[in-house]
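Here is a brisk report on one protein model.

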Amino acid sequence: MATIQEIADRLGISKGTVSKALNGASDISETLQKTVIETAVEMGYHKLRRPGGLRKLCVLIANMEYTEPHHFGHELILGFRQMAEPAGYTVEIVPATDALQVSISYDAFMLQHDYLGAFILGFSLSDPWMEHFPTSRTPAVLYDNYISSNPCMASVGIDNREGMELAVSHLKRLGHTRIGYLSHALDSHIMQVRREAFFQSMRRQGLFADESLTGSSHYIAHCMEKYLPRLLYEQQVTAIICSHDQIANAAMIQCQQMDFRIPEDVSIVGFDDLPICAYTSPPLTTIRQNRLLLGKSGYYALESLLNGIPIGTLLLHAELVVRNSTNQVSYE
């Protein structure tokens with residue numbers, strides 16, 4: 001690990017100036033501070049964890065609501081904090097906006113703010129810092145994302161392949177053989193994983209699986225308008241699995257507006273088990289993610305990285321929650 005003196009020698013400034021810049025002193029210009037931090041990152045400098053000192057972690061969150069109890073990210077953050085704060089860490093929540101990500105590198109941001117590690121939520125494959133993570137030296141745990149070959153990066157989530165297998169097996173037991181799949185756009189790692197898992201599960205169950213049985217879009221309304229009628233009228237599916245619960249709820253509403261009964265004519269399965277699932281009409285069968293436990297797992301994985309244990313992927317078991325949106329297939 002580089003020392004403060006080595007950074008000072010590289011830049012031709014005093015050791016005290018480097019120390020001030022790294023600690024955000026007000027008498028150091030923003031330009032010089034940026035130069036010092038970027039040089040420190042390049043040279044592999046890390047601030048030491050001082051016994052009894054302030055130990056800071058952050059939750060970096062993008063593309064995900066989290067401020068209210070019913071928001072998807074709320075329990076993820078709560079679970080993380082329930083483990084981190086009793087262990088002596090201060091946890092700060094940081095919205096990882098595009099503006100922030102293009103203004104500074106991930107490692108430089110973490111060093112500048114004295115964060116020892118991060119729990120990263122909601123990042124899409126196009127987020128700028130996703131390009132930084134493969135070579136980052138600052139420990140981070142990503143929820144529903146995966147960075148290979150970097151011992152400073154870990155991933156947590158549920159076993160989505162297991163979840164999709166549970167959904168397909170449930171529908172097959174009910175007699176469904178023509179099963180469609182509707183998805184959010186494939187610009188995130190987890191949407192790609194779930195779509196691939198759908199095809200794998202269908203083939204494992206001996207069921208027909210083809211691109212014609214799927215549809216994906218950035219917008220739920222577009223997905224309903226373009227792909228749902230095709231699945232129902234052209235492909236004559238009797239069941240539809242959706243990549244997340246919002247699409248599943250929209251599909252139920254749209255099916256009912258098209259005079260298809262749920263579940264008598266079409267069975268619908270969601271993914272995630274959001275709080276709304278028990279109150280949709282009818283209540284939605286879905287794959288549950290225990291978000292509180294996922295947040296706790298994020299802390300366990302991050303603490304492992306901070307202690308030099310290069311954990312890779314930590315997956316929790318998925319759980320099928322059967323409600324009233326699925327039923328025995330009818331061929332009337």
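## Cavity and pocket

His176, Thr238, Pro263, Glu264, Asp265, Val266, Asn327, Gln328, Val329 and Ser330 line the largest cavity. This is a predicted model, where local features need pLDDT of at least 70, side-chain atom pairs count only at pLDDT 80 or more, and totals for chains, interfaces and linings use all residues. Residues are numbered from 1 along each chain as its sequence is written, and side-chain values use heavy atoms, with hydrogens and water left out.

The volume of the largest cavity is about 30 Å³. A search of the whole structure finds one cavity of 30 Å³ or more. The search uses a 1 Å grid over the protein atoms alone: a cavity is a set of points where a 1.4 Å probe fits but cannot get out, and a pocket is an open set with protein on both sides within 12 Å along at least five of seven lines. Lining residues have an atom within 4 Å of a point. Points are joined across faces, edges and corners, and a volume is the space filled by probe spheres set on the points.

The largest pocket has a volume of about 790 Å³. Its lining counts 27 residues, and Asn63, Met64, Phe72, His244 and Gln246 lie nearest the centre. Helix 8 gives the largest share of that lining, four residues.

## The chain as a whole

The protein chain holds twelve helices and twelve strands. These are DSSP runs numbered from the N terminus (helices: H or I, at least four residues; strands: E, at least two). The C-alpha atoms fill a box of roughly 85 × 35 × 35 Å along the principal axes. Of the 332 residues, 52% are buried. Buried means under 20% relative accessible area, exposed over 50%, and partly exposed in between (1.4 Å probe, protein chains only). Among contacts with a separation of 6 or more, 69% join residues 24 or more positions apart; a contact means heavy atoms within 4.5 Å.

## The 7-6-8-9 sheet

Four strands form an open, parallel sheet in the order 7-6-8-9. Strand 7 (214-217) and strand 9 (267-269) are the edges, each pairing on one side only. On average, neighbouring strands are turned by 15° against each other, direction ignored. Two strands pair if DSSP finds at least two bridges between them. Strand 6 (residues 179-184) and strand 7 share four bridges. Leu182 stands opposite Gly215 in strand 7.

Helix 8 (residues 189-204) packs on this sheet and touches strand 6, strand 7 and strand 8 (239-242). Its direction makes about 170° with that of strand 6. Axes are lines fitted to C-alpha atoms, for helices over the stretch in contact, and angles run from 0 to 180 degrees between N-to-C directions.

Helix 11 (residues 245-257) lies across strand 6, strand 8 and strand 9, at about 160° to strand 9. What is its span? Asp245, Ile247, Ala248, Ala250, Ala251, Met252 and Cys255 of helix 11 are buried. Their cover includes helix 9 (220-226), helix 10 and strand 10.

## Strand 4 and its partners

Strand 3 (residues 115-121) pairs with strand 4 in the parallel sense over three bridges. Strand 4 runs parallel to strand 5, joined by four bridges. Ala140 is the bridge partner of Ala118 and stands opposite Met153 in strand 5. Both faces of strand 4 are covered: Ala140 and Leu142 are buried on one side, Val141 and Tyr143 on the other.

## Backbone exceptions

| Bond | Omega | Loop of the proline |
|---|---|---|
| Ile262 to Pro263 | near 10° | helix 11 to strand 9 |
| Ser281 to Pro282 | near -5° | strand 9 to strand 10 (286-288) |

Ser149 is not a glycine, yet its phi is positive, about 60°. Ser149 lies in the loop between strand 4 (140-143) and strand 5 (153-158) and is exposed, at 75% relative accessible area. Gln236 also has a positive phi, near 50°. Gln236 sits in the loop between helix 10 (228-234) and strand 8, and is exposed at 57%.
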